[in-house]
Amino acid sequence: MKSKKNSSYQSPMQLAIRRFLKNKLAIAGIVVLALITLGAIFAPLLTSHDPTYGDLLKIEKPPSEEHILGTDGSGRDNFARLLYGARISLVVGFSAMLFTLIIGVITGAVAGYYGGKIDNIIMRLADLVLAIPFIVLALTIIALLEQVTISLFVTVIALTTWPTLTRIVRGTFLSLREQEFVLGARAIGASDTRIIFKHFIPNAIGPIIVNATLMMATMIIVESGLSFIGMGIPQPTPTWGNMISEAQNIRILRDHPEAWIPPGLGILLTVLAINFIGDGLRDAFDPKSNRR
């Protein structure tokens, strides 16, 4: 009887996974994101064209067997740029999210666990960053750089977006700090590092994962937006934002929809897919938030 009871027991993580798998929109988001990711990974197998090579004899050519989505104003293959642009958008989104996650979790954990002067210093620094509009701060830093590379772009985005996640982690840690299991761990002499990684992080993993997922969608939009206005990753590196930026001419908008609709749909579908996954994770880790 006891073994039967133990076999039917499910951990909070297992219950969260079960709830997540029941969310059809979240599963659809995973499928769409997986297809986009596979297209980006296997871009060399899906097209033989170099996304940065421009043939001046084939400027703004309409779709054909050789160029499925035609060519842009520099004679570059739009389909190749679409696939390789997905790589850049996903890499920037994921890398910026991961970098922000590292900064936010560390600063939020330290502030929430230790409190006092350390908490005050970190929170005042976060307030200082938040006091300046994100887009203004990011544009100012980018404008001061001589050349924007993917790594520099990711660093700028992460250094201007960490305070929000820091506040979330700090709030979670503050609520956990006086829990009985934490006080018990301190009573038996557990080190701060062990308490943070053994007790705090596992109990805060839900909000962290949900916000990290939604953050990735935001990062992709930020990259596309900054590239659109010419302040993101420079040409000839293919990005979805750069592709849409090249199609600002009214003639291209009217006569060559194949040049801007696919990257626009790429951004839309990717962001929607990630948001659906994030919503599914939120409902899975916090069933009370699910009102459907």
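pLDDT is the predictor's confidence in each residue, on a scale from 0 to 100. This is a predicted model, where local features need pLDDT of at least 70 and side-chain atom pairs count only at pLDDT 80 or more, while totals for chains, interfaces and linings use all residues. Residues are numbered from 1 along each chain as its sequence is written, and side-chain values use heavy atoms, leaving out hydrogens and water.

**View 1. Confidence along the protein.** Mean pLDDT for the protein comes to 83, with 93% of residues at 70 or more. Helix 3 (residues 24-41) has the highest confidence, at 93, and helix 1 (residues 2-8) the lowest, at a mean of 50. (Helices here are DSSP runs of H or I, at least four residues, numbered from the N terminus.) Over residues 1-5, pLDDT stays under 50.

View 2. Beyond four places in sequence, the contacts (heavy atoms within 4.5 Å) of F173 include Y113, I196 and F200.

**View 3. T71 in its loop.** Look between helix 4 (43-46) and helix 5 (78-114) for T71, which is buried at a relative accessible area of 3%. A polar atom of the T71 side chain lies 3.1 Å from the backbone nitrogen of E60, and one lies 2.7 Å from that of K61.

Note on methods. Helix = DSSP H or I, 4+ residues; strand = E, 2+ residues; numbered from the N terminus. Buried < 20%, exposed > 50% of the residue type's maximum accessible area, 1.4 Å probe, protein only. Polar contact = N/O pair within 3.5 Å; in protein donor to acceptor, adjacent residues only side chain to side chain.
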